[in-house]
Amino acid sequence: MNQPTVGILHPGSMGAAVAACAAANAAAVLWCEAGRSAASTERARQYALRPMGTLAELLDRSDIVISLCPPAAAEDLARDIAEHSFAGLYVEANAISPVRTQRIAALLAPAVTVVDGGVVGSPPVGGKTPTLYLSGSADATARIESLFAGTAVQTSVLGTEVGKASALKLSYASFQKTSRVLVALAVGMAREHGVDQELIEVASRRTDSYLSEPQYVAKTAARAWRWGPELEEAADALATAGLPPEMLRAAASTLARWHEAKDDNELTLTDALDRLAHP
């Protein structure tokens, strides 16, 4: 089979690194530079992605398009795709609910084949190997497996039903990301009473406790602008399943207090806790 041309929407920290892995088995990896930030442009340059002036140009040249963007933008981006004559394979790899993924698949059908995707893990750099979970038609998921074969992005097919990969991603995210929020609340409460170090010591006796990693709170604050909408999506998924969504909505509300810390990699634990207490 000829190597496909791949389009990435859009090259954020995860998207750019995933696109770079796809480049190993692709004829070219394209991105659309129109309206993108200087940071996106620099990431695309760093990973040697080929710039296209417009979305239409990217779609005309791409056999496979991978969508990795903030959850809130996923459906609008799919609508933009629907307005063009793209007729290839679309990997909906955003952290959105199964219902939204299925809605996007219906929106793009029948011209576009949609593969449901969910990335679990950190961007594939520095030896990290995230897993891209996939669900959709067997032929389509097999093409994505081939695209990432031999790269740092592992793939795992969950079945043919669109929505399964999204469900797994949000199920994991609802625990992992909410747990990080609970760490911030617990350490913040303990600090008010002067027992934060004692709390960490207690937690460190359990090696699997996030409470023994309070330094991660600062990273949580810097990523809150992305994590909050993801937890809102997970809450929607819980509600659809007849399960209570309030815990995840509360966690998303807590993350919103860190909105101004967006991508602040210089943030300290003290700074993050102060912003949480005094937004």
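Strands β6 (113-120) and β7 (131-135) pair in the antiparallel sense over five bridges, where pairing requires that DSSP find at least two bridges between two strands. Within this pairing, G118 has Y133 of β7 as its bridge partner. Strands (E, at least two residues) and helices (H or I, at least four residues) are DSSP runs numbered from the N terminus. The model is a predicted one, in which local features need pLDDT of at least 70 and side-chain atom pairs count only at pLDDT 80 or more, whereas totals for chains, interfaces and linings use all residues. Residues are numbered from 1 along each chain as its sequence is written, and side-chain values use heavy atoms, with hydrogens and water left out.

Both strands belong to an open sheet of eight strands with mixed pairing, in the order β3-β2-β1-β4-β5-β6-β7-β8. Its edges are formed by β3 and β8 (154-159), each of which pairs on one side only. On average, neighbouring strands of the sheet are turned by 30 degrees against each other, direction ignored. Helix α5 lies across β5 and β6 and runs at about 165 degrees to β5; axes are lines fitted to C-alpha atoms, for helices over the stretch in contact, and angles run from 0 to 180 degrees between N-to-C directions. Helix α5 also contains R100, which is buried, with a relative accessible area of 9%. Here buried denotes under 20% relative accessible area, exposed over 50%, and partly exposed the range in between (1.4 Å probe, protein chains only). Residues up to four places away in sequence being left out, R100 touches P71, A72, A74, E75 and E233, contact being defined by heavy atoms within 4.5 Å.

The largest nonpolar core has 27 residues, and I66 and F148 have the most contacts inside it. Such a core is a set of buried Ala, Val, Leu, Ile, Met, Phe, Trp, Tyr and Cys residues joined through side-chain atoms within 4.5 Å. At least two residues of this core come from each of β1, α1, β2 (28-32), β4 (64-67), β5 (89-92), β6, β7 and α6 (138-147), and α1 gives the most, with five residues. Apart from this core lies another, of 23 residues, including L58, I81, Y90 and I104. Beyond its neighbours within four places in sequence, I66 is in contact with V6, G7, I8, L9, V91, L147 and F148.

Two lysines are placed over tryptophan rings. The charged end of K262 sits over the ring of W225, 4.3 Å from its centre, and K177 lies over the face of W227, at 5.0 Å from the ring centre. The criterion is NZ of Lys or CZ of Arg within 6 Å of the ring centre and within 35 degrees of the ring normal.

Most residues other than glycine have a negative phi, and most peptide bonds are trans. A cis bond joins L9 and H10, with omega about -5 degrees, and H10 is in the loop between β1 (5-9) and α1 (13-22). Another cis bond joins A109 and P110, with omega about 0 degrees; P110 lies in the loop between α5 (98-108) and β6. A positive phi, near 60 degrees, is found at A48, in the loop between α2 (38-46) and β3 (50-52). A48 is exposed, with a relative accessible area of 66%. D263 likewise has a positive phi, of about 55 degrees, and lies in the loop between α10 (246-256) and α11 (269-277). D263 is partly exposed, at 43% relative accessible area.
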